[in-house]
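Welcome! Here is a short briefing to read alongside the sequence and the 3D view.

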Amino acid sequence: MDDVVSGGCLCGYVRFEYGDKLGPANYCHCTDCRKTTGSAFNIGIRTHASTLRIIAGKVKSYTKTADSGNAITREFCPECGSPLFTRASAKPQFVWIKAGSLDDPSLVKPTYQIWTDHAVPWSHIDTNLPSFPGNRTIANTNDA
Ligand SMILES: [Zn+2]
Ligand SMILES: [Zn+2]
């Protein structure tokens, strides 16, 4: 069981398992990924569709034709809306898992970026920014 990677959505309705070594992970800065994640970029981990098993719940999906002309299907929890998987019509053998859905996020090691022409300036984290090991509280800052 050590080799089984598990994950799921925020509310726990959708749970999945993947019984193989995770494929490469990438940052995608495309406009569609920004919209669907509600954040600066998506991080997708490539897996084999035949090995990925949804063990609880049922995803809802939304399909959109990408700039490449390929139909991209994004799957999410119908209860809490957490983005979970991406499928591409051109590569039906693969499913990309959204990195944040894994139970053990330390398994994620992104190796490349795509669509960097579309990256927003705030997707780069400035190492000079104040940072806090826990939540930022009123006590340790002067501004709101
Ligand atoms: Zn959910
Ligand atoms: Zn993208």
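Predicted model: local features only at pLDDT ≥ 70, side-chain atom pairs only at ≥ 80, totals over all residues.

Residues are numbered from 1 along each chain as its sequence is written, chains are lettered from A and ligands numbered from 1 in the order in which they are written.

**The chain as a whole**

- The protein chain has one helix and 10 strands, where helices (H or I, at least four residues) and strands (E, at least two) are DSSP runs numbered from the N terminus.
- The C-alpha trace of the protein chain spans about 50 × 40 × 30 Å along its principal axes.
- Of the 144 residues in the protein chain, 23% are buried; a residue is buried if 20 or more other C-beta atoms lie within 10 Å of its own, exposed if 12 or fewer, and partly exposed in between, with C-beta atoms placed from the backbone.
- Two residues are in contact if their C-beta atoms, placed from the backbone, lie within 7 Å. Taking the contacts between residues at least 6 apart in sequence, 59% join residues at least 24 apart.

**The sheet of S1, S2 and S5**

- Three strands make an open sheet in the order S1-S2-S5, and their pairing is antiparallel; two strands pair if DSSP finds at least two bridges between them.
- Strand S1 (5–8) and strand S5 (52–56) are at the edges with a single partner strand each, so one side of each has no neighbour in the sheet.
- On average, neighbouring strands of this sheet are turned by 25° against each other, direction ignored; the axes are lines fitted to C-alpha atoms, for helices over the stretch in contact, and angles run from 0 to 180 degrees between N-to-C directions.
- S1 and strand S2 (residues 15–18) run antiparallel and are joined by four bridges, with Val 5 opposite Tyr 18 in S2.
- The hairpin of S1 and S2 has six residues between the strands, and Gly 12 in the turn has a positive phi of about 90°.

**Strands S7, S8 and S9**

- Strand S7 (residues 71–76) and strand S8 (residues 83–88) run antiparallel, joined by five bridges.
- Glu 75 stands opposite Phe 85 in S8, and Phe 85 also has Ile 97 in S9 as a bridge partner.
- Six residues lie between the strands in the hairpin of S7 and S8, where Gly 81 takes a positive phi near 80°.
- S8 is joined to strand S9 (residues 94–98) by two bridges, again running antiparallel. These two strands, S8 and S9, form a hairpin with five residues between them.

**Two residues after S10**

- Trp 115 lies in the segment after S10 and has a positive phi of about 55° although it is not a glycine.
- Most residues other than glycine have a negative phi.
- Why does Trp 115 count as partly exposed? Trp 115 is partly exposed because it has 18 other C-beta atoms within 10 Å.
- Ser 123 is also found in the segment after strand S10 (110–114), and with 15 other C-beta atoms within 10 Å it is partly exposed.
- Leaving aside neighbours within four places in sequence, Ser 123 is in contact with His 29, Ala 40 and Phe 41.
- Ser 123 and His 29 are 94 residues apart along the chain, yet their C-alpha atoms are separated by 8.4 Å.
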